[in-house]
Structure formats: C-alpha cells, structure tokens
Amino acid sequence: MSGTLFITRVRLLTGLVRQAAPTERSGDVPRRARNEAEIVLGQRKLLQRLGPGLMHAFIFWGFLVLAPTILIALIGVVAKDSTLPWLGHQGWYALLVDIFCVLVLGGVIAALWIRKLQKPSRFEGSHLGEADLILGLIATIVISLLLWHATRIALHLNEWPASWSPVSNALSHLFSDNQTTKVLERVFVWIHVLTILGFLAYLPRSKHLHIFVAAVNVWFGRTRAGGRLEPLKFDDPEVPEDELRFGAGLAKDLTWKQVLDTFSCTECGRCQDACPAFATGKILSPKLVIMGLRDLVLAQDTETPLVPTAVPADMVWDCVTCGACVQACPVSIEHVDHIVDLRRHLVMVESSFPAEAEPMLRDVERASNPWGKAQSERADWAAELGVRILEPGDPAPEYLYWVGCAASFDERARTSAGATARLLQSAGIDFAILGPRESCTGDPARRIGNEYVFQAFAEQNVETLNEAGVTKIVTGCPHCFNTLGNEYPDFGGTYEVIHHSELLAELVSDGRIKPSKKAGQLPITYHDSCYLARHNDVVEAPREIVSAIGKPIEMRRSRKSTFCCGAGGAHMWMEERGKAINEERVREASATGAGTLAVACPFCTVMLDDGARTAGTDLRVADVATLLSEAIDDDG
Amino acid sequence: MVLVFAERSDDELYRQALTFARSIDPDQVHAVGINDPAGYSPDGWATALTRVTEERGPTVVVGPGTERGNEVLAHVAAVLDLPMAANCVSATPGDPLTLTRVRWGGSLLEEARLHGSPALLTVAPHAVAADEQSVEIELAPAASEAIVRVSERVETVTAGVSLADADVVVSGGRGVGSAEGFAVIEELAALLGAAVGCSRAVTSAGWRPHTDQVGQTGTRISPSLYIACGISGATQHMAGCKGAKKLMAINPDNEASIFASADYAVIGDLHEVVPAISAEIRRTRGGG
Amino acid sequence: MNILVCVKRVPLTGGKIVLTDDERAISTRHLGFTVSPHEECGVEEAVRLIEQHGGSSAVLTLGPPEAEEQLRDMMALGIDRAVHLVADGEEWDPQATANAIVDAIRSQSEPFDLILFGNESADAGNYQVAVRVAHKLGLPVVTGIKGIAVGDSQLRLEQEVPGGRDVYVIPTPAVVTVKEGLNLPRYPSVPGRLRAKRKPLDTSTPARPEPMLEMIKLTLPPDSGKQAQVLGNGADAAPAVVTVLDELGLL
C-alpha cells in the first residue's frame with residue numbers, strides 16, 4: 001500500500017516535471033559529474049556553514065551507508081533468519097552501520113538543538129512542524145534499527161560477528177535471551193520497516209522529497225557562468241506566436257528545471273539568510289519564492305497567475321540579482337532564474353513593473369542608454385585625453401575599451417574612465433573606445449525582464465564589434481563585463497573580455513605601471529561587486545591593485561560572500577523600500593576603520609558613495625583605477 | 001500696414017506683438033480684437049478677423065504666440081489658404097517677407113521666406129520687449145457662424161502657487177530619486193512662496209503629476225528665478241524655462257549642460273544642498 | 001468608432017543641438033528617434049477609446065522611410081493599421097503636409113469619426129497642420145485638449161487655461177489636437193510588438209510641392225554669453241545662495 005502511495009505521488013511529480021516547458025541542460029557532462037561528486041557526495045555547499053553542514057552530512061552519509069539495511073530489514077521481516085547475501089554477514093559493514101547510526105542520531109540531536117534552542121531566523125516562514133516530524137521519523141528508524149540489532153544479538157540471531165557492532169552489542173545487554181526479547185525483536189523490526197514504509201509514502205508529499213530530487217537537481221544545475229541568463233527565443237519558426245514563452249506567468253510556463261527546483265527545496269533558509277533585500281527589511285525571501293511556486297505547481301493550478309498568488313509582486317521587484325541565494329543553496333536551486341522569469345512575464349506581457357523604471361526602459365530603447373542622454377555626448381569624458389575613438393573602417397585596436405553607460409554619463413563613475421584611459425596610455429597599451437557607437441549592453445533591460453529590448457541591443461552591439469574586428473575587450477563595469485563575456489556569445493559575439501582591474505593588476509605586476517613608493521600607507525577596504533566576484537570569480541586582481549597602493553583590510557562579507565551594493569537587477573533605477581542595502585554595506589566598510597572604500601564597479605561607486613553620504617560617514621569611495629592613477633600622480 | 005490681433009490692451013504679450021509689428025512698419029500699426037459676448041470661438045473669431053483683413057488689406061497680420069493667437073491665426077491661414085509662420089522672433093518686410101522663427105521650443109532658430117500676402121505671423125513670447133506705447137484696440141463684430149465655442153469654464157482650485165504664474169519656481173529632476181525625495185524641494189518652495197516644478201523624467205516615473213512638468217510639452221514658465229535641482233538640462237526642458245529671468249542650477253555634475261544656461265551654479269547633490277539652503281533661509285530670517 | 005492619429009518622427013536631441021554642415025537640418029548621427037510627445041498621448045487615447053467604444057484605429061505619418069519604425073511602435077500600443085506617406089529627405093512645410101494628409105484621408109475607404117494630432121510637433125512647432133486639415137475636410141477642430149469624452153455623435157473636450165479648464169462640445173466627425181498630460185501612454189507588450197510587425201502598412205510617395213513657408217537655413221540661438229557664477233560646492237554654498245536670493249529681493 002505504501003508502495004502504491006509512493007508510486008502514485010512520484011508519477012504525479014514526474015508528470016509535472018515532464019509537462020513543464022523545455023530548457024537545455026545537457027552537455028558538459030564532466031562538469032556535471034564533478035558537481036554531483038562535490039555538492040552531493042561531498043556536501044560542499046552545505047559545509048559552507050560548518051556546524052549545520054556536518055549535522056546534515058552525518059545524516060546524509062548515514063543514509064547512504066544505512067541504505068542496504070532497509071533491504072536487510074525488509075528481508076528480516078518476512079524471513080526471520082535471512083539477510084542480504086554477503087553484505088549482511090560482513091563485520092566491517094556492521095561496524096559502519098553502528099557508527100553511522102550514532103552519527104545520524106548525533107545529527108538529529110544537533111538538528112533539534114539548532115531548531116529548538118538556537119532558532120535561527122532563516123527558518124522564518126519554513127514549515128517547522130514538518131521538519132520535526134521528519135527528524136522524529138529518522139530517529140525512530142535509526143533507534144529501531146539499533147534495538148533490532150541489539151535484540152538479535154541477545155537472541156544470538158546475528159548474522160555478523162557481534163563484536164563488530166559495539167553499540168548494538170552494548171545495547172544487547174538490555175535484553176536476555178527469552179520470549180520477551182523474541183517478541184521485541186519482531187516488534188523492533190516491524191517498527192523499523194513500518195516507519196520506513198510510512199516514510200516512503202510521506203516522503204514525496206513532504207520536503208523530504210529532496211533526498212531523491214536534490215541529487216537530480218544538482219546534476220542539471222548550471223554549468224555555465226553564474227551571471228549568464230538563458231535567452232528566450234522570439235522568432236522560433238516552429239512555435240506559433242501565441243505559444244511563445246515570455247517568461248513565467250502561470251505554473252505551466254515554468255521550465256522542468258524550475259519545477260525540479262521547487263521540489264528540491266528543503267526550506268533550510270540559507271538563501272534567505274544570504275539575501276541582502278531580506279537583510280534590510282524587505283519581504284523578498286528567495287526561500288519563500290521557491291516555496292510559493294512549489295505550492296502552486298503541486299496544486300496543479302494552470303489558471304492562477306504566479307504573481308501575486310505564489311509570489312507577491314514586491315518580492316519580484318526587490319531582487320538585486322546578486323546570486324547570494326544561489327551560492328548558498330545546497331541543492332542547486334537557481335532562484336535568480338526564477339525571479340527573472342517572473343519579471344519577464346510581468347514586463348513583456350503585462351507591461352507591469354515599478355513606474356520609476358519606465359523612463360529607464362524607454363531611454364534605453366530610444367536613446368540607447370539608460371540615462372536618456374544623447375549618444376553624441378558619450379565620449380565627452382574623453383575629449384581632453386586624446387583617446388582614440390574607433391570609427392567605422394578604422395583598424396581594430398588590440399583592446400577595445402568598453403566604457404559603459406555609467407562611466408560615460410554619471411559624474412561620479414566618470415572619474416574611473418578617465419583614470420583608466422590615462423593608465424592604459426601611460427603603459428603604452430593600444431586601445432580605442434567606440435564612443436557614440438557604444439550603446440548600452442542591454443544589461444538593465446535584461447535584468448528587469450525586458451529580454452526583447454536586451455536582445456535588440458545585443459545584436460546591434462555584436463554587429464558593431466564584429467564589423468570593427470574587435471577580439472579583446474577591457475571594461476571597467478562588471479555588468480558590461482558579464483554581459484559582453486558571458487551573454488553575447490549567445491548572439492554571435494565571442495570576445496576575450498577582461499575586467500579593467502585584471503589588466504591593470506597585470507600591468508602593475510609587470511612594472512609597466514609603477515605606483516609611487518609613498519603609496520602603501522593608506523588603509524583601504526575593498527568591496528567585491530557581485531557581478532565581478534560572485535558571478536565571475538574575479539577576486540584577486542583588484543586586491544593586487546589595492547595591495548600595491550595601500551594597506552588592505554578585508555570586510556567579513558568579502559570575495560564570493562560579498563554583500564551587494566544594491567544596484568543590481570536594475571535597482572540602480574528603482575526605488576528601494578525599507579532600509580537601504582547600500583547603507584548596510586557602508587556601515588560594514590566603515591567598521592573596518594579604513595578611510596577609503598575601494599570598488600571596481602561604477603554602480604558600486606555611485607551606490608556606496610550615496611550610502612556613505614546618507615550614513616554620514618567620511619568614507620571615500622573610489623574605483624581602483626582612480627586610486628591607482630592617484631598613486632602614480634603622487635610621485636614621491 | 002500691419003494689423004495686430006489682440007484681446008486686452010494691458011496684456012504683456014500684446015505689447016510685445018506691437019513692438020514686433022512696429023519693427024516691420026513703424027508708422028502704420030492697427031490693433032483689432034473681437035467683440036464676442038458669447039465667448040471664445042476659434043473659427044468664429046478667425047472668420048471675423050479674416051473679414052477685417054480682407055476689408056483693411058494689411059501686408060502683415062500679427063498675433064501673439066499664445067495658444068489662442070496661434071490657433072486663431074492658423075484658422076485664418078486655413079481659410080485664406082495662405083502660409084502662416086508661428087512664433088517668430090523677427091521679420092523683415094519684402095517680397096517675399098523673410099522671418100526668423102523658433103523651433104524646438106526655442107533651442108533652434110529657423111530663417112525662412114514666406115510666400116504669401118498678407119503675411120500671417122505670430123510672435124514668440126518674450127522674444128521682444130513690450131511696447132510702452134499702446135495702440136487702441138478696435139473691436140470687430142463677432143461672426144454669427146461659429147461652429148466651435150467654449151461651452152463652459154470649469155474652475156480648478158490649485159493648492160499653492162500656480163506654476164505658470166509663479167514668480168519663483170523650484171524644480172526637481174531625476175536627481176531627486178523618488179516621490180518622497182521631493183519633500184526637500186517642497187520645503188524650499190514653501191519658504192520662498194514658490195511653485196514646485198519637475199522635469200519630464202519625473203512625470204514619466206510617476207513621481208509627480210504632469211501639471212507640475214516644466215518643459216516644451218509641459219508648462220512654459222517665466223519666473224524671476226528658476227531653481228533647477230538635479231536637472232541635467234535637456235533641450236526640451238530648457239524650452240520650458242528659458243523665459244526665466246534668472247536660472248540657478250544645482251547639480252552634482254559640473255559638466256551638466258544646464259550650467260551653460262545658468263546664471264548661478266551650485267555643484268553638489270540636491271539632497272545636501274537644498275536642505276542647507278532652507279536651513280540658511282530660516283537662520284537668516286531669524287528664529288530657526 | 002474609426003479613429004486616425006497623425007504622428008511625426010522626431011529626433012531625441014539631448015543637451016545641445018548640432019547642425020549639419022549645410023545648416024539645413026539637425027545632425028542626427030548618434031541620435032535616437034521617437035514620436036513627438038503630444039502625439040504619443042494621442043495614440044494612447046485612440047487605443048483607449050477603441051477599447052471602450054469599439055471600432056478601429058489607424059496611424060499616419062508623412063516622413064522618411066525610417067519613420068516606419070515609429071508606425072510599428074504605435075501599432076505595438078494597439079493601433080490596427082498604418083499609413084506611411086513616404087517623404088523625400090527634404091522638409092515639407094505645413095501647407096504641403098496638410099494637403100498630403102488630406103489626400104491620404106480622402107483616399108481611405110472609410111471616413112474617420114475622429115482625427116487626432118499633437119498640438120504642435122516637437123521640432124518645427126508650426127501649430128497649424130491640424131487646423132488646415134480640418135478646414136479642407138470641412139470638420140470642426142479644437143486644439144490643446146487634455147480630456148476627451150465620447151458621447152452620441154459628439155465629443156466633450158477639455159482644454160487647460162489659466163485658472164481652470166474650458167469645455168468644448170462638438171459634433172463628430174471632428175479633428176482634435178491633444179497635449180501631453182492627456183494620459184500616460186502604456187508601455188508596449190512584446191506580443192503587441194510582434195503583432196505590430198505584421199499589421200497592415202500602406203505606403204505611398206506623394207510629390208512635394210514648392211514650399212510657401214520656405215526654410216532657408218537653421219541657426220542656433222546666440223550664446224547668451226552667460227558664465228554661471230559658481231556659488232560653491234555642496235551644502236557650503238547655502239550662504240552664498242541666500243545672499244543671491246536676498247539681492248534678487250526674493251527672500
């Protein structure tokens with residue numbers, strides 16, 4: 001009966017996955033295998049938090065080791081004197097079983113201690129009762145197994161050498177070789193088996209489903225760059241126009257990977273803990289997003305819009321696409337993809353999005369930059385610097401310096417463009433800028449969900465770059481860096497894209513840029529931008545520059561665990577509810593005692609400078625290029 | 001002879017039209033208005049004006065470049081199938097008459113020839129000084145046939161100072177950042193008895209209603225002082241405020257194009273500067 | 001209802017205007033384009049009126065071949081079809097423009113109940129094309145409208161004036177010019193844009209007559225020669241600002 005319950009539910013779940021929208025997750029098998037080994041077997045993501053990680057690892061590894069005992073118990077229930085051939089008789093296996101039973105119990109106790117005594121906030125919104133039940137069932141299974149073994153030993157029925165299972169052996173002294181024990185032996189094995197069967201039926205109806213789904217979800221997780229979003233196809237000749245997929249509006253629009261994501265969620269809340277929006281009082285919790293979607297999928301509701309029923313609109317817009325949630329998730333759920341897909345439907349089909357983002361969207365499309373300034377003024381920052389502007393037909397430079405809209409038009413971001421240009425010139429690098437022919441990469445349009453406008457820009461820019469014969473691009477903006485390097489290949493544009501901090505660090509280490517000897521005194525703390533560090537692993541190069549010009553001090557949330565400045569996900573143009581993300585980060589920076597906050601991104605520059613002013617600190621926020629350029633001018 | 005279409009003799013724009021008319025023909029300038037007890041009718045008034053024009057035979061008919069002036073002259077032009085040049089800043093009589101007129105709300109000028117007689121022109125507001133000497137406005141009778149007429153006037157109650165009439169206007173642009181951010185602008189405006197305006201980016205973002213918009217497609221203002229905060233100075237915004245006698249710009253970008261048209265510049269973030277100004281005003285007036 | 005909206009493709013000029021070498025046009029290199037702001041509100045209003053009262057709508061422009069972009073953008077908002085009077089690169093004066101539009105309207109199979117224009121185009125700002133079109137078609141015309149209500153064969157129109165609003169009630173068919181602020185144009189949906197790519201577009205190439213209002217050249221207004229007096233940086237400038245306010249007698 002339990003089998004039937006299990007199977008019908010599994011059928012339902014696989015059906016839901018199968019019926020979902022398609023997505024491409026094959027290929028890259030070696031990488032997938034490595035992920036499976038590291039994340040599932042090695043529990044790497046769970047161990048990002050050592051305590052809870054070990055707790056879970058013990059239970060998980062215990063499950064793997066103890067799995068054959070399920071068969072042994074099933075056999076033992078029907079044939080009292082039989083067991084699994086060979087394995088059932090191995091002393092070393094009995095030892096492992098005992099050890100892992102204890103470890104599992106230890107894990108369960110630790111879990112209960114965390115949940116009941118520590119009560120971390122990441123569980124806010126999770127179904128705690130369900131978790132308690134599951135822990136109880138696990139404990140019951142393990143304890144009943146130990147007691148069953150103990151009674152078998154007491155009755156001399158053990159098929160394995162008793163001395164090899166010290167715990168069961170010790171417990172066996174509680175029982176004498178008598179009729180009561182014979183009954184208890186049956187009782188314990190039946191409790192064990194019934195609990196397992198009951199668990200089996202309950203399992204796919206609870207979040208414990210993750211024990212099967214998570215491993216599959218990890219296999220199908222992203223193997224390409226974290227910052228890359230999956231494009232939508234608007235002109236598929238095989239798909240009639242009214243069946244085109246414009247993101248996720250209803251449950252049936254979710255892709256099978258997204259459905260699998262929702263089934264994998266264990267409500268652990270690590271994503272919620274990592275989310276900068278949640279940390280600053282907004283309602284967005286990546287956990288609640290996934291749980292909300294899961295509930296609507298399981299309800300097999302094909303009519304109700306996902307927003308606001310499964311996910312309130314505010315949650316969708318609060319996201320800064322920093323990816324901290326994805327990084328924290330032990331089962332490879334890709335929350336950012338979900339949120340962007342929800343945004344895509346809202347923006348492209350319903351035209352429903354925060355009003356203050358509308359000027360940005362219109363400006364990007366009509367004026368080719370989100371500031372709405374005339375493209376003819378794009379190279380004004382370079383007017384006095386003698387920077388080569390690449391005209392159509394000109395020979396391609398070694399490096400195309402992609403300035404980005406922020407550094408072209410925003411007065412605070414602009415200083416880093418001038419500094420970068422001067423540094424590259426002083427090092428004799430052959431570079432040019434596109435000037436007015438450089439349009440927005442389309443990143444803000446893509447992150448807010450307007451994939452259609454983004455693709456128009458991607459295609460236009462790729463055409464410009466390819467016609468110009470560009471092969472290498474250096475850019476100061478991590479968002480441009482991410483889009484040009486990771487996303488433009490989907491549109492025919494493949495270039496070697498490096499971040500300005502990488503090139504400048506190389507030039508410093510080669511001695512082509514020499515910071516003055518006076519430099520090195522200034523205490524500087526460096527803020528990793530999400531799109532540079534977390535999405536694209538560029539972590540050391542900016543630090544090399546900081547070390548060359550000052551005394552580096554690290555913040556606690558640094559490198560891939562960095563805390564967002566608040567501008568991502570098109571938030572540079574949207575209002576923020578609740579406390580400000582940028583002020584939160586500025587407070588952290590101030591607390592290091594450094595007077596200078598170095599950044600490597602024009603958005604971070606603006607957001608953190610704003611934050612520094614509103615928080616009333618004296619913190620100076622500057623791009624690493626600006627600081628490096630000053631360290632050279634300052635010649636001692 | 002130049003015929004000037006007018007409504008009230010004390011109206012500043014009528015006086016400017018007179019100056020303009022005198023620049024074409026210093027001696028023979030006549031002014032005519034429409035005596036219509038039933039109120040304004042664009043086609044009705046144009047019919048009456050056309051009749052006067054046909055009777056009196058001027059070489060040039062001039063109207064003020066107001067909504068009404070442009071509308072009536074456009075109707076006259078349509079009836080007579082003659083060319084009309086709106087918002088001129090200067091004209092030289094001749095065959096054909098040559099003129100300079102305004103494009104892009106004032107950010108560009110056009111030199112043109114008008115092939116038609118009489119020449120039909122309207123005068124760009126504040127392009128010339130008001131004539132001190134007035135000319136008596138003769139009233140022509142209204143035309144009996146009028147298709148379009150104002151049927152009623154709905155009064156609107158404006159809280160505070162009306163943007164079009166205000167002597168001081170304080171505006172906020174993109175730099176304000178949010179609807180709530182306008183609080184500092186409103187505070188300063190209240191202290192100065194000024195009206196609050198905004199740029200088009202602000203109305204598109206939904207932070208303030210279109211009635212607050214200063215610009216080519218919003219309200220055109222002509223205050224004694226215009227304080228533009230966090231506004232970069234796009235031409236279509238400048239078209240709305242070029243009537244201001246003095247312009248003070250507050251912007252963190254020292255290269256913002258608005259500074260090229262400003263009399264006074266403050267380089268800084270309006271969120272720091274504007275409250276500081278308000279505080280200083282209070283301090284100066286005494287009592288905190 | 002059968003509604004026609006007339007629009008014009010204009011450049012987005014930014015902070016300063018640059019002329020071509022021959023000084024007869026704005027240099028549009030690196031400039032984006034849009035429909036004149038007043039007109040976009042007219043298009044939105046047409047779409048709303050058809051949504052409310054049923055019927056069909058069309059958008060028309062006299063412009064260069066690139067103006068098809070604007071026609072498709074307006075159809076993405078919900079207009080059913082477009083008419084493109086393809087102009088050569090030269091300027092068309094208001095009379096020539098109006099006559100071409102009248103010819104195109106007369107050659108339509110169905111008459112229009114309402115013809116909408118923007119109050120004035122962002123670039124030339126001649127304030128007269130709509131009035132001329134109305135006279136040629138023998139239709140009533142009201143300008144500068146910020147509120148439209150459709151009744152039985154009539155329209156109730158509101159125009160902003162100092163102190164309030166003037167109301168006009170006129171019979172249809174009619175010509176109305178509108179001003180920005182009439183409504184907030186919707187943001188086009190992508191399905192709308194895709195459909196617009198395939199909506200019907202009628203093109204013709206009218207001949208341009210000799211201009212009666214003949215543009216000779218364009219010039220930039222003389223530099224005021226103003227040098228802004230820098231009062232200071234940041235909050236420190238406040239005392240200097242207040243001094244200026246005092247000098248201007250505004251304190």
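Colleague: In β12(C), what is the bridge partner of B:Ala112?

Modeller: The bridge partner of B:Ala112 in β12(C) is C:Met215, where strands are DSSP runs of E of at least two residues, helices are runs of H or I of at least four residues, and both are numbered from the N terminus. Before going on, please keep in mind that this is a predicted model, in which local features need pLDDT of at least 70 and side-chain atom pairs count only at pLDDT 80 or more, while totals for chains, interfaces and linings use all residues. Residues are numbered from 1 along each chain as its sequence is written, and chains are lettered from A and ligands numbered from 1 in the order in which they are written.

Colleague: And how many bridges join β6(B) to that strand of chain C?

Modeller: There are 6 bridges between β6(B) and strand β12 (residues 213-219) of chain C, and the two run antiparallel; strands are said to pair if DSSP finds at least two bridges between them.

Colleague: How many residues does the contact take from chain B and from chain C?

Modeller: Chain B gives 70 residues and chain C gives 63 residues, with two residues in contact if their C-beta atoms, placed from the backbone, lie within 7 Å. On the side of chain B that touches chain C, at least two residues come from each of several elements, including α3 (67-80), β6 (108-114) and α7 (270-285) of chain B. By class, that side of chain B has 34 nonpolar, 23 polar and 13 charged residues, where Ala, Val, Leu, Ile, Met, Phe, Trp, Tyr, Cys and Pro count as nonpolar, Asp, Glu, Lys and Arg as charged, and the others, Gly among them, as polar.

Colleague: What about chain A with chain C, how many residues there?

Modeller: That contact takes 18 residues from chain A and 17 residues from chain C. On the chain A side, the largest share is 4 residues, from helix α17 (residues 358-367) of chain A, and the classes on that side are 9 nonpolar, 4 polar and 5 charged residues.

Colleague: Back to chain B on its own, what is in it?

Modeller: Chain B has 7 helices and 14 strands, and its C-alpha trace spans about 65 × 40 × 35 Å along its principal axes. Buried residues make up 58% of its 288 residues; a residue is buried if 20 or more other C-beta atoms lie within 10 Å of its own, exposed if 12 or fewer, and partly exposed in between, with C-beta atoms placed from the backbone.

Colleague: Which domains does the assignment give for chain B?

Modeller: Domain 1 (2-141) and domain 2 (168-285) of chain B, with bounds that come from an automatic or database domain assignment. Their centres, taken over C-alpha atoms, are separated by 34 Å, and the contact takes 6 residues from domain 1 and 8 residues from domain 2 of chain B.

Colleague: Which residues touch the most other members of the largest nonpolar core?

Modeller: They are B:Val4, B:Val170 and C:Val59, in a core of 172 residues, a nonpolar core being a set of buried Ala, Val, Leu, Ile, Met, Phe, Trp, Tyr and Cys residues joined through C-beta atoms within 7 Å. Helix α1 (residues 12-24) of chain B supplies the largest share of this core, 7 residues, and at least three residues are drawn from each of domain 1 and domain 2 of chain B. Not counting residues up to four places away in sequence, B:Val170 touches several residues, among them B:Ile185, B:Leu192 and B:Cys229.

Colleague: Switching to chain A, what is the strand order in its open sheet?

Modeller: The 4 strands are ordered β2-β1-β3-β4 (chain A), with parallel pairing. β2 (431-432) and β4 (496-499) of chain A are at the edges with a single partner strand each, so one side of each is left without a neighbour in the sheet. Strand β3 (residues 472-475) of chain A pairs with β4(A) over 4 bridges, and A:Thr475 has A:His499 as its bridge partner in β4(A).

Colleague: Which strands does helix α22 of chain A lie across?

Modeller: Helix α22 (residues 478-487) of chain A lies across β1 (399-402), β3 and β4 of chain A, at about 165° to β4(A), whereas helix α23 (residues 500-509) of chain A lies across β3 and β4 of chain A, at about 75° to β4(A). Axes here are lines fitted to C-alpha atoms, for helices over the stretch in contact, and angles run from 0 to 180 degrees between N-to-C directions.
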